[in-house]
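Thanks for asking me to look this one over.

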Amino acid sequence: MPKMPKPSNPLHKKVSDLPKPPMPPLPPSLRPNPKPKERSEVTVGEAAAAGGTSVVAWIDERTSGSGFLRGFLFRKVPKGVNWWYTLGSATMFAFIAQAFTGVFLAMYYDPNPTVAYESMRHINNEVFLGEFVHGMHKWGATVMTVLLFVHMARTFVFGAYKYPRELNWVVGVLLLMMTMMMGFTGYLLPFDQRSFWATIVGVNLNGTGPMIGPYLADFLRGGAEFGSTTLPRFYAIHMMLVPGLIAALIGIHLYLVAKLGTTAPPWVKAEIPGQDEKRV
Amino acid sequence: MDARQKEQYLREYSALKAKGKPFFPYAVGKDSLMACIVLIVIIFMSLILGAELGPKADPTTTSYVPRPEWYFFFLFELLRVIKPPELVFVATLGIPNIAIALLVLLPFYDRGPERRPERRPIAMTAMALTIVAMTYLTLLGAFAGSPTEIDMEVPEQYVYGKEIAANSGCLGCHKFGENGNDGPGPNLTTIGARLPKQAIERTLDNPTAPMPSFRDLPPEQKEALVNFLAYLR
């Protein structure tokens, strides 16, 4: 009896055998014009457009950036994606706002412990919009922390940390820890009573840890005592080390989101490939 | 998730994705609107709540309230819940580090294929408990005041020391009779009966973490404070 070929079940195919999704299509306004006008006179607008095109082509020839941009911008987000999916980008926007206001505060702030408090008073009382920018930085930290926690809760409820996005969850938790680190190091910088004593207690808490605790506390203080090296150290960690790490981690986070795709809400199911999805 | 479930997920996902809309302009539009809302909220918080500075940091001060930024309240309040000094490290590093480890490793121990929250009772219960616990501890921290009055009757010569204790933030973590917070630090109502005067002074200079050192307190104030504490029996 001849062996019958098994009917192929699409669900039993290997992942690598699946057809690769085509590049996302360009919107009509960006598609190259197939029929160039046949006219001898070229208007200024057309010449400018042609110039712009050649600049873009020049850059693209040297970077191949258009393929990446096309894949990133015109990739599809699955059906059902809703407002809950804006929390991640909102957190990133809060971080960008923190970076901007932080740059302006850094122009006037002096991390020397003898004058740090006076430089903050100067920002608040004399610098144009100083207290406003200081306030934006202070409350922006709260907004960023809240958005981050809600974004994490959304990811958890939607099961979006599961296969294949496990690594992106790990990167997200690292971002949470870095953000808490920003809150801790930034709190000392105004150098008023509240921030000073809270940070002493905070560093002492680190010091209670087994084994590395005392070393960690010494590193944060810049010595065994809370001294003149402590504030510059917190400042450097707050404005260079941790923000750099956050920016790099956001880059990895976004790369993985673009690579793996935004999750669909768990309620939307595609029953059989090719047929309409339905809510179950 | 086994290989088959992984394939099925990828297959379903690619089908859903094919039905979706392009990231630009649909998702970008929503994200941009959200960014505007975030900016407006930050601006209004800055305008309404401001950024006032407290008094300048002073290591020799006698009046301060060590309070962390609000999103660290829940960590600080753990110390009030876990009191014995030998267990302090459980609250300061044990529980936070275990929580972080559980969070980082979540996708590696929760590997089930189910994504719908109503079919993941354990995960949802754990999340609800975590949120309730963190909210409770945060509110506890938000409402835990640091009173500056000690209503104890003391002889004339200890009144100055009592005032220093009341104004030095001791009540944030210690209880004196009816006043102050019961924890993270021990109750000081009868501290003089438990510790000799020299031990009290040593503890003020080199306290158990997280209590800050009172080494820089002016000598006459520290003497008054030590005398007052040693009197409490």
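Here are my notes on the two chains, their contacts and a few local details.

1. **Confidence.** Please keep in mind that this is a predicted model. The mean pLDDT of chain A is 86, and 86% of its residues score at least 70. Among the elements of chain A, α3(A) has the highest mean, 97, while strand β3 (residues 278–279) has the lowest, 50. Where pLDDT is low, the predicted coordinates should not be read in detail.

2. **Make-up of chain A.** You will find nine helices and three strands in chain A. Read from the N terminus, their order is α-α-β-α-α-α-α-α-α-α-β-β. Of the 280 residues in chain A, 36% are buried. For contacts in chain A with a separation of 6 or more, 68% are between residues 24 or more positions apart.

3. **Where the chains meet.** How many residues of chain A are in contact with chain B? There are 76, and they touch 67 residues of chain B. The elements of chain A that each give two or more residues to this side are β1, α3, α4 (116–125), α5, α6 (166–188), α7 (193–207) and β2 (268–269). The largest share comes from α5(A), with twelve residues. By type, the residues on the side of chain A that touches chain B comprise 47 nonpolar, 17 polar and twelve charged.

4. Do look at β1(A) and β1(B), which pair in the antiparallel sense over two bridges. Within this area, A:Lys76 is opposite B:Pro22, a residue of β1(B).

5. **Helix α2 of chain B.** This helix covers residues 23–49, 27 residues in total. From first C-alpha to last, α2(B) reaches 36 Å, close to the 39 Å expected at 1.5 Å a residue. A kink of about 25° in α2(B) is centred on B:Gly29. After the helix comes B:Gly50, with a positive phi near 65°.

6. **What covers that helix.** Which residues of α2(B) are buried? They are B:Phe23, B:Ala27, B:Val38, B:Ile42 and B:Ser46. An α-helix has 3.6 residues a turn, so residues three or four places apart point the same way. The cover over the buried residues of α2(B) includes parts of chain A, namely α2 (65–73), β1 (76–77), α3 (87–108) and α5 (130–157), together with β1 (21–22) of chain B.

7. **A loop residue in chain B.** B:Arg120 sits in the loop between α5 (106–109) and α6 (121–143) of chain B. Is B:Arg120 buried or partly exposed? Neighbours within four places in sequence aside, B:Arg120 contacts A:Gly159 and B:Glu114. B:Gly180 is 60 residues from B:Arg120 along the chain, and their C-alpha atoms are separated by 43 Å.

8. **Cis peptide bonds.** Most residues other than glycine have a negative phi, and most peptide bonds are trans. With that in mind, please check the bond joining A:Tyr163 and A:Pro164, which is cis with omega about 0°. A:Pro164 is in the loop between α5 and α6 of chain A. The bond from B:Phe24 to B:Pro25 is cis as well, with omega near 5°, and B:Pro25 belongs to helix α2 of chain B.

9. A:Leu129 has a positive phi, near 60°, and lies in the loop between α4 and α5 of chain A. A:Phe191 likewise has a positive phi near 60°, and its place is the loop between α6 and α7 of chain A. Why does A:Leu129 count as exposed? A:Leu129 has 12 C-beta neighbours inside 10 Å, and 12 or fewer makes a residue exposed. A:Phe191, by contrast, counts as buried because it has 26 such neighbours.

Notes
Residues numbered from 1 in each chain as written. Chains lettered and ligands numbered in written order. Predicted model: local features only at pLDDT ≥ 70, side-chain atom pairs only at ≥ 80, totals over all residues. Helix = DSSP H or I, 4+ residues; strand = E, 2+ residues; numbered from the N terminus. Expected span 1.5 Å × (residues − 1). Bend = angle between axes of the 7 residues up to and from the residue. Buried ≥ 20, exposed ≤ 12 C-beta atoms within 10 Å, placed from the backbone. Contact = placed C-beta atoms within 7 Å. pLDDT = per-residue confidence, 0-100. Nonpolar A, V, L, I, M, F, W, Y, C, P; charged D, E, K, R; others polar. Pairing = 2+ DSSP bridges.
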